[in-house]
Amino acid sequence: MSEKYVVAIDQGTTSTRAILFNHAGEIVSVGQLEHEQIFPQAGWVEHDAKEIWSNTREVIGQALSKANVTRHDIDSIGITNQRETTVVWNKTTGEPVYNAIVWQDTRTQPIVDRLAADGGVDRFRETVGLPLNPYFSGTKIVWILENVEGARAAAEAGELLFGTTDSWLTWNLTGGVKGGVHITDVTNASRTLFMDLKTLDWDDSILAAFGVPRSMLPTIKSSSEIYGQAETNSLLREVPIAGILGDQQAATFGQAAFKAGEAKNTYGTGCFLIFNTGEEIVQSKNGLLTTVAYRLGEGAPVYALEGSVAVAGSLIQWLRDNIGLVASAPEIEQLAASVSDNGGAYFVPAFSGLFAPHWRADARGALVGLTRFVNKGHIARAALEATAFQTREVLDAVNADSGVPLAELKVDGGMVANEMLMQFQADVLDVPVVRPQVAETTALGAAYAAGLATGFWKDLDELSANWAEDKTWTPNIDANERDRTLRLWKKAVTKTLDWVDEDVK
């Protein structure tokens, strides 16, 4: 019998990829296409959901072609996705009623304020593990219902469906208007503000408070089970879709962080640290989110604490596309290496406000500490250091909540190729930073979830055996210098606060 593969669809913030993995968890081929980033006005971020679906079909074809395989060689399909990004579409026509509203979008702050008027931003936190914030899907759905002509009436009539991009792709892959399956998994559901962490079901009282009809919402499934098969017109027709994990939970799964106390940090568009708390729901007292890490079939759910940083790699993208500081993202390391330190400059990229552990939607980005001495090398270095400083703030919160200081940090995502950043990260954290051999852990996690459901992989021990270290960075900085830079970073953060007034967007 010829070798079989699992295909992971990784629907991210900036691109969609299809990656084929073999049984050893190794990458066999990749198809990838970027999609347009739409910025209608300050604070608004949108995607064209139809473009994402079209790109998904194309990248599947690319991956199969590069590996010279067909659907007969594919065991199963796993999906991982940008979380919170909200698609609302008509179930009869298959047409989105509005562009997808991206997780980074901040337009729904007035809706947050309205809901928080009764009970504050933590009004629903004990049930859903999240504060009221524009980041999550719930207020994005409300905005569409209140601002798109005819949307409220169509939703009340049962004509509209909501989903994060995993739901949108699964529905289309399984037939769309011709019987597509409308589902999501527990990890994505836990990011809506609507799911009860204990029951793993939608909370009707919260839906009523938001004014969102339950009929719009997908059925909540586990992260690893057979949800349906790819439709007959698909290149993957009859192949089972068997795994769904939100991107950060997928990366945790791909890092084999299956035990309570294990953690990973993903450096992508944003930066996301997830700390596994096992079967215990831990409510953070230090600005972290309580979320579902994964659920396998009918097994008990596994929970996590998460620190979400809105801007990491997207700061480098901004320096490239908006400012022209570099022509390509990898050049940022070379430019940063042209100077020995940041020259006193600190860059706080609060483009979408500040996420964990601050949760300040009124913050905006700031570049501080400037003198005539500072040049573009210092700014490049300050931009890289910003990701490491933000991660330190999140890790401090994790240590405070868990009571057990993290001994090392597993890392993944596109930015871990940056050697300077990884060394500075170890220096700032004062713990070793470990990069795995397969850095594409997000896609790998989705593949693992699918392959577990079909028996392609037999258990978590087999997945753990696949994990292998590529490189470890150990702290190499004077403690006084670490403390000095952290003090200045925290001072820089204070300069970003209270920027947004009622007449400032």
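User: OK, in what order do the strands of the six-stranded open sheet come?
Analyst: The order is β3-β2-β1-β5-β14-β13, and the pairing is mixed. Keep in mind that this is a predicted model.

User: Which strands stand at the edges?
Analyst: Those are β3 (27-34) and β13 (224-229). Each has a single partner strand, so one side of each has no neighbour in the sheet.

User: And how much are neighbouring strands turned against each other?
Analyst: By 25° on average, ignoring direction.

User: How many bridges are there between β2 and β3?
Analyst: Seven, and β2 (residues 15-21) pairs with β3 in the antiparallel sense. For example, R17 has Q32 in β3 as its bridge partner.

User: What actually holds strands together like that?
Analyst: Strands of a sheet pair through backbone hydrogen bonds, in a parallel or antiparallel way.

User: Which strands does helix α1 lie across?
Analyst: Helix α1 (residues 49-67) lies across β1 (5-11), β2, β3 and β5 (74-81), and runs at about 150° to β3. Helix α6 (residues 165-173) lies across β1, β5, β13 and β14 (240-246), at about 145° to β5.

User: Switching topic: what's the strand order in the seven-stranded open sheet?
Analyst: That one goes β17-β18-β16-β15-β21-β22-β23, with mixed pairing. Its edge strands are β17 (289-294) and β23 (469-473), each pairing on one side only. Neighbouring strands here are turned by 30° on average, direction ignored.

User: What does helix α9 touch there?
Analyst: Helix α9 (residues 247-254) packs on the sheet and touches β15 (263-267), β16 (271-278), β17, β18 (302-309) and β21 (409-412). Its direction makes about 125° with that of β15. There's also helix α12 (residues 376-402), which lies across β15, β16, β18 and β21 and runs at about 15° to β16.

User: How do β22 and β23 run, parallel or antiparallel?
Analyst: Antiparallel, with four bridges joining β22 (residues 433-436) to β23. In that pair, P436 stands opposite E469.

User: Now the inside. How many residues does the largest nonpolar core have?
Analyst: It has 107 residues, and F194, F210, V212, M216 and Y267 have the most contacts inside it. Helix α12 gives the most to this core, with eleven residues.

User: What does Y267 touch?
Analyst: Leaving out residues up to four places away in sequence, its contacts include T387, T391, L409, V411 and Q425.

Notes: Residues numbered from 1 in each chain as written. Predicted model: local features only at pLDDT ≥ 70, side-chain atom pairs only at ≥ 80, totals over all residues. Heavy atoms only, no water. Pairing = 2+ DSSP bridges. Helix = DSSP H or I, 4+ residues; strand = E, 2+ residues; numbered from the N terminus. Axes fitted to C-alpha atoms, helices over the stretch in contact; angles between N-to-C directions. Contact = heavy atoms within 4.5 Å. Core = buried A, V, L, I, M, F, W, Y, C linked by side-chain atoms within 4.5 Å. Buried < 20%, exposed > 50% of the residue type's maximum accessible area, 1.4 Å probe, protein only.
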